[in-house]
Amino acid sequence: MDRIGLEGRWALCLQEKGNEEMPAYGGDWMDLPGTTSAQHKTPLREEAAEGHLTDPYAFEGSAWVQRTVEVPEAWAGRDVFLTLERTRRTTLYLDGKKIGARDSLCKPHVYELGALQGRHTLEICVQNTGYPTAGGHMTSPDTQTNWLGITGRIELTARPKARLEDIRVFAQDEHRLTVTCTSTGEGEAELCVDGGEVFIFRAEKGPVTFSFTVREAMERWDEFTQALHTLCVSMNGEEQTVRFGLCTFQCHGRRLLVNGRETFLRGKHDALLFPMTGYAPTDRETWRRVLSTAKAWGINHYRFHTCCPPEAAFDAADELGIYMEPELPFWGTVPEEEGEETAYLLEEGMRILDAFGNHPSFFMLSLGNELWGSKAQLSSMLARLRAHDPRRLYVDGSNNFQFVPCVLPESDVLVGVRLGRERLYRGSYAMCDSPQGFVQTEAPSSMHTYDPVITSSGDAGGMCGGSIQVQVGTEAKEVEAEAGDVLVPEIPVISHEIGQYEMYPDFREIECYTGVLKPENLKRWREKAAARGLLPYADRFFRASGQLAADCYRLELEAALLSRELSGFQMLDLQDYTGQGTALVGMLNAFMEEKSLIPRETFRQFCAPTVVVAKLPRFVFQDDEEVECRIAVASTDPAVSFRTVDYRLTDAGETLIEGTAEVSGDGRVMESGMLHLKPYRAPIDAPRKVRLHLQLRGTEYMHDTDLMIFPRLDLSISKDEISGGGYTLPIVHDVCQAERLSEKGKTCLCIPDFEGRVPGSYCTDFWCYPMFRSISESMGKPVPVGTLGCLIETEHPALRDFPSLTYTTPQWYALICHSHCEEINFSEDSPIVQVIDHPDRATPLALLYEKKTAAGKVLVCTARLWEIGDRTEVRWFAWSLMRYLLEGGTEC
């Protein structure tokens, strides 16, 4: 097609919301493509957002833009079109006459201008208000913002009067193609694939279907083989090219199939967060960088939360092998009767299908996020969308009906988090959505799977209905829920928004926000940390909480991958999310850059096409115990046919045990028989860390698991004392009493009462404390604990006999779960094990610290040791504290 690019300077007039009059231009201008915020076209706003990034030049209203264009004489006899690739609500005027209006948030706005020649004036009113729907993350300040402007291609094109439009490619198999389109007139159409044989058809005005068979077999497209083909279509002097891929998406019971082979979605959430611009990029290279980063971290699937990316994202996904799931821009309740909003959403869905439907990466379309309301309307929308384009899968929404999920007949998959209030297939939940998940409530292990939940093994009863309170976005909402029977889905099940393990901010990132959006939320937290004496610890807090979060993700992703009845997960998230209270939940920051918490190679041990896992009931053992485990391999990689796993148990690099195990089984998950590993032949005299290394022979896939081995220790722990090894250490429960004993030269351990204190929590905070604290309070439910793990002073002599890493690991599980958080004062207290508080509350907290007294110091521990004194690791912790306090002959 002939085109004229309209990039450059346009006259500009801004109008406040509600002003619909034609403007008088006063000399202002803006460069297009672009936004008013990026070009500072509105007054600077002093207000700083607390729960998301700040757009200091945010504006809601209308941006009128105007320029003249010169249409060449060569375009005579052809129709001229204006294309605005990505924008808001628009109204177009040509030479002062209204041409029409468009309201799609996802599809390019295309206007037919008819036959034009010479000089003309284009005038466009762009509005970021009055949307037919709330817009989800297409318009949310939490992510890409409610920007105002036009981005991507802005161009005029000339096309013949008789032309082919809306070309869609249907690959029947490796040789047969069907092409459908609409012809605006008569002509002879020539079609060829990949430069091969030319097929000639006669096109009449109206719907047209071309079917033909190519000689050379077309290779199929998937995540492993990004085979792309080009259809060339010519008619009346106009040549069009359509890139497509041969790929079929199917469901077979609870199995998700791509080209007939079982797959597993290793997905991430995306809400079009681009802090430098405040809007989604429209160039392919930026999307290649973003998606290739995700794929390098093991991701093969993107779920776009209530939004749809531009064409460049699908182009990049086609080239990289990413399964894309756009979602209608809707997060709410669907009414029983089809109203204006429902009709708009259905039309928007069809526009998304028309615009992006030829991309093989476009594998599924969702109707929205956490929807409630009419199941009949949802089913009707799915049926009409599928009839419009049957090439992909459809889902009624993400986590619809929350506590009372259902499977609609028209939905191909079920995306959710539970199959009833107690039947959970996610590892973590907010307190307001309790019960919580296994990562939050169980001692760390690699044994968990969701198979019993999904198949309803041992389940009792159905789901209760009635009026219930649920969390919707950043608020609580009351909804009517239908009662239901026990739900046993017979379609693929995908776990929704898994993870959400928060970590402390890396305040150094603040300086990276040099673009449109400003991190006033992070600056506010930094100010709080400085005011409360926490800023010197900030970098170590970031690393300690981040490494714990990585371990939590590992537990959850391995559980998902080893669940035979699960077909995928959608992680929230691989990257930080700077909205909805500010949720720093990613191994990557908001710019999709590595935080250097763990290497991506380590992350790929539990997020890759093939993972090898030692299924261990725990990660802490006594030296006279055998380490019993099975080795599991979960794989959807067609290149992996190996079933031999080499294993090696090492201590500081020295091999203790090595051998091989054969895995077997049908489907994508296989297991070995039980291994019985005895790390040491003789008793050891101190705790040791060993590493179990697995390698799937003939592949790159490996896995490392660290285990702590503690020698048997005879120690008696009561509420009043610790005794053993020739020592007795009194325990007191009041800090003032401990100080008085210290002044008398007496030594004791202080374990204060925990009434009214923040309880200990092993797992890091879910999503973000300030948002869910507010929601829990409004729902009258328990507020979240809001802590982010521990920072451990590993070189402190009090921990000499309890070797640790600087962050929380499984040997601390029982100690933390039987502890509380003591508020400390840095001028009086020296922390040994700090509890990292959420930066919004920013309270200095500790599990173990020394308090200065007039006579010296008192050791304060908040772990109630007598409740867990039968555990070997707890005895070693108590022994370490006792030796620290008493060695040297001090008498009590």
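Arg841 lies over the face of Tyr769, 4.6 Å from the ring centre. Another such placement involves Arg421, whose charged end sits over the ring of Phe403 at 4.0 Å from its centre. The model is predicted.

**Aromatic pairs**

The structure holds 33 aromatic pairs. Two of them are set out here.

| Pair | Centre to centre | Angle between planes | Type |
|---|---|---|---|
| Phe274 and Trp287 | 5.5 Å | 70° | edge-to-face |
| Trp372 and Phe401 | 5.7 Å | 80° | edge-to-face |

Phe274 is in the loop between strand S22 (265–270) and helix H1 (284–296), while Trp287 is in helix H1, 13 residues apart. Phe274 is buried, with a relative accessible area of 13%. Trp287 is buried too, at 0%.

Trp372 lies in strand S27 (residues 372–373). Phe401 is in the loop between strand S28 (393–395) and strand S29 (414–416), so the pair ties together parts 29 residues apart in sequence. Both Trp372 and Phe401 are buried.

Ring pairs also link Tyr504, Phe507, Tyr537, Phe541 and Phe826 into a cluster.

**Ser446**

Ser446 is found in the loop between helix H5 (438–441) and helix H6 (451–454). Its relative accessible area is 7%, so Ser446 counts as buried. The Ser446 side chain reaches the backbone oxygen of Ala614 at 2.6 Å and the backbone nitrogen of Leu616 at 2.7 Å. Beyond its neighbours within four places in sequence, Ser446 has contacts including Glu558, Leu562 and Phe619.

**A hairpin**

Strands S19 (residues 249–252) and S20 (residues 255–258) pair in the antiparallel sense over 4 bridges. Cys251 stands opposite Leu256 in S20. The hairpin has 2 residues between the strands, and Gly253 takes a positive phi near 60°.

Technical notes:
Residues are numbered from 1 along each chain as its sequence is written. Side-chain values use heavy atoms; hydrogens and water are left out. Two strands pair if DSSP finds at least two bridges between them. Buried means under 20% relative accessible area, exposed over 50%, partly exposed in between (1.4 Å probe, protein chains only). A polar contact is a pair of N or O atoms within 3.5 Å; within protein, one must be able to donate a hydrogen and the other to accept it, and residues adjacent in sequence count only if both atoms are side-chain atoms. Contact means heavy atoms within 4.5 Å. Rings of Phe, Tyr and Trp (its six-membered ring) pair if their centres lie within 6.5 Å; planes under 30 degrees apart count as stacked, over 60 as edge-to-face and the rest as tilted. A charge sits over a ring if NZ of Lys or CZ of Arg is within 6 Å of the ring centre and within 35 degrees of the ring normal.
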